[in-house]
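The tour moves from one selection to the next.

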Amino acid sequence: MFTGFSDEAFAFYEGLQADNSKPYWTSHKDAYERHVREPLTELCAELEDEFGAVKLFRPYRDVRFSKDKSPYKTHQGGHTGEGFYVQVDADGLMVAGGMYAPTPDQLRRYRQAVASDTYGAELQAVVDDLRAAGMEIAGDRLKTRPRGTDPGHPRLDLLRHRSLYAREGWPADPWMSDPDEVIARVRASWRRLRPLVTWGREHIGPPDFTR
């Protein structure tokens, strides 16, 4: 049963940011399991009935092709098959939903749908609603525009996106130890994100998670 997030969860990641090393991880692994991974797993189980099962990411970074050789991620994230996301780190709790790491075919379908007067207008309305609700619209974007795109296209900003998701987060305040409050906030945010997640599933395909 989910019992909330304790200060130890955020303190663990503060320490990991300061010392991202195997000795730190080894000596604090019990804190990670008890105060991060287990509570997050239990939170996700509380939400599974409405949003589906959540898969947690491994805490280890893939450093094979990275200049940053830090071995551990400084956050613990999890995602559903539809595209809902939740994360715990030193700053607190964050939720998101959308298109994170599309394949070339998914990106092509995304731009085709955005260029459509019907489907593109639907996405623009969803994005506008989320922004009005206080969510941040994020994602990797081209600095110019996709090749062959009219510079006057009414949804040029959306067409520039190579990933597109909305997110919101909360700092590590005392209310996070209240399980009912945490569940309610995450559930409400994912419900607000559902139109974006649904649009992506219908016009792009299943999300591709590579984090």
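In what order do the 6 strands form the open sheet? The order is β1-β2-β3-β4-β6-β5, and the pairing is antiparallel. This is a predicted model, where local features need pLDDT of at least 70, side-chain atom pairs count only at pLDDT 80 or more, and totals for chains, interfaces and linings use all residues. Residues are numbered from 1 along each chain as its sequence is written, and side-chain values use heavy atoms, with hydrogens and water left out.

**The sheet.** Select β1 (54-56) and β5 (136-138). These are the edge strands, each pairing on one side only. Two strands pair if DSSP finds at least two bridges between them. Strands (E, at least two residues) and helices (H or I, at least four) are DSSP runs, numbered from the N terminus. Neighbouring strands of this sheet are turned by 25 degrees against each other on average, direction ignored. Axes here are lines fitted to C-alpha atoms, for helices over the stretch in contact, and angles run from 0 to 180 degrees between N-to-C directions.

Next, take β2 (residues 75-80) with β3 (residues 84-89). They pair in the antiparallel sense over 5 bridges. Find glycine 78: valine 86 in β3 stands opposite.

**Across the sheet.** Show α6 (179-203). α6 lies across β1, β2, β3, β4 and β6, and runs at about 15 degrees to β4.

**The core.** Select Phe5, Leu43, Leu93, Tyr110, Leu123, Val182 and Trp190. Within the largest nonpolar core, of 42 residues, these have the most contacts. The largest share of this core, 8 residues, comes from α6. A nonpolar core is a set of buried Ala, Val, Leu, Ile, Met, Phe, Trp, Tyr and Cys residues joined through side-chain atoms within 4.5 Å. Buried means under 20% relative accessible area, exposed over 50%, partly exposed in between (1.4 Å probe, protein chains only).

Zoom in on leucine 93. Beyond its neighbours within four places in sequence, its contacts (heavy atoms within 4.5 Å) include Phe5, Trp170, Val182 and Val186.

**Helix α3.** Which residues of α3 are buried? They are Gln106, Leu107, Tyr110, Ala113 and Val114. They cover an arc of only 125 degrees around the axis, so they sit on the same side of α3. The arc is that of the directions from the helix axis to the C-beta atoms. Their packing partners include β4 (92-99), α4 (117-132) and β6 (164-171).

**Last stop.** Select leucine 156, in helix α5. Leucine 156 counts as buried because its relative accessibility is 11%.
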